[in-house]
Amino acid sequence: GGDWSECTSFYRAFENCSNIESIDVIDNAKFSKCTNFQFAFRYCSKLKHIELDVPACRTIDSAFLECYALESVKLKNLGGSFDSTPFSGTFNNCQSLKSLYISSLRGVSAGYLGYLTNTFTNCYELTDFIIDDEETTDISLYIKQSPKLSAESVDSIIRSLKTRTSLPSNASSLTGVLTLNSAVTLTDEQRAVIAAKNWMLA
């Protein structure tokens, strides 16, 4: 409940709310002006499921940091204009996270999603990771600590990668590098698509 249609910031809004278990806000009118979700749900130790419609989001920095019980996240209508490193620490230490849906990474142009920004640090259980937009991801993805990624998730990630005009110069490039756990098996077809898009596997 509640009318948040004029709210522009959820900075630390639910931080340390240790009894929240589930949040479903799927009416985008409620968050139509909210740009800042930094630390919004940090340390919500019992939070298991969350679904948000966030059309105006510019940063979700450390939003779910150390939500140890968090199992599933759905971020809808995401993708547009972002601040620098908008996903820094977003899912850091979400050790129970199994399912993650992100509508798009369109517009994210700064930072290296994962490695330099600790986006997926200790997300050991992440299995289903869907980026529901094609040819738009233009930043490097570092998902090395998630050995259980499904084949469907890998397909989704690869489809989302924006085709580049050339290979990145090195494995620490901010764009064009995909880093997966060694336990995640890629097919020859998947490797061919990654190569055709001029992305580097590291």
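Select S160 and show its contacts, meaning heavy atoms within 4.5 Å. Leaving out residues up to four places away in sequence, S160 touches I131, D133, E134, E135, T136 and T137. This serine is in helix α1, residues 151-160; helices here are DSSP runs of H or I with at least four residues, strands are runs of E with at least two, and both are numbered from the N terminus. S160 counts as buried because its relative accessibility is 0%; buried means under 20% relative accessible area, exposed over 50%, and partly exposed in between, with a 1.4 Å probe and protein chains only.

Before you move on, a word on the model: it is predicted, local features need pLDDT of at least 70, side-chain atom pairs count only at pLDDT 80 or more, and totals for chains, interfaces and linings use all residues. Residues are numbered from 1 along each chain as its sequence is written, and side-chain values use heavy atoms, with hydrogens and water left out.

**Next stop: the nonpolar core**

Now pick F64, F91 and F129, which have the most contacts inside the largest nonpolar core, a set of 51 residues. Such a core is made of buried Ala, Val, Leu, Ile, Met, Phe, Trp, Tyr and Cys residues joined through side-chain atoms within 4.5 Å. Elements that each supply at least two of its residues include β1 (22-25), β6 (141-143) and β7 (177-180). The largest share, three residues, comes from α1. Zoom in on F91: beyond its neighbours within four places in sequence, F91 is in contact with F64, V73, L75, L97, L100, T119, F120, T121 and C123.

**Next stop: the sheet**

Switch to cartoon and colour the five strands of the open sheet, which run in the order β1-β2-β3-β4-β5 with parallel pairing. Two strands pair if DSSP finds at least two bridges between them. At the edges you find β1 and β5, each pairing on one side only. The twist averages 5° from one strand to the next; axes are lines fitted to C-alpha atoms, for helices over the stretch in contact, and angles run from 0 to 180 degrees between N-to-C directions.

Select β2 and β3, a parallel pair with five bridges, and look for I50 opposite V73 in β3. Then take β4 and β5, parallel over four bridges, where S99 stands opposite D128 in β5. Which residues of β5 are on its covered face, and which on its uncovered one? F129 and I131 are on the covered face, D128 and I130 on the uncovered one.

**Last stop: salt bridges**

There are eight salt bridges to look for, each a side-chain nitrogen of Lys or Arg within 4 Å of a carboxyl oxygen of Asp or Glu. Start with E15 and R42, at 2.4 Å from N to O. E15 sits in the segment before β1 and R42 in the loop between β1 and β2, 27 residues apart. E15 counts as buried at 19% relative accessibility, and R42 does at 10%.

Go on to K197 and E135, at 3.4 Å from N to O. K197 is in the loop between α2 (188-196) and β8 (200-201) and E135 in the loop between β5 and β6, so this pair ties together parts 62 residues apart in sequence. K197 is buried at 9%, whereas E135 is partly exposed at 35%. To finish, select R12, E15 and R42 together: salt bridges that share partners join these residues into one network.
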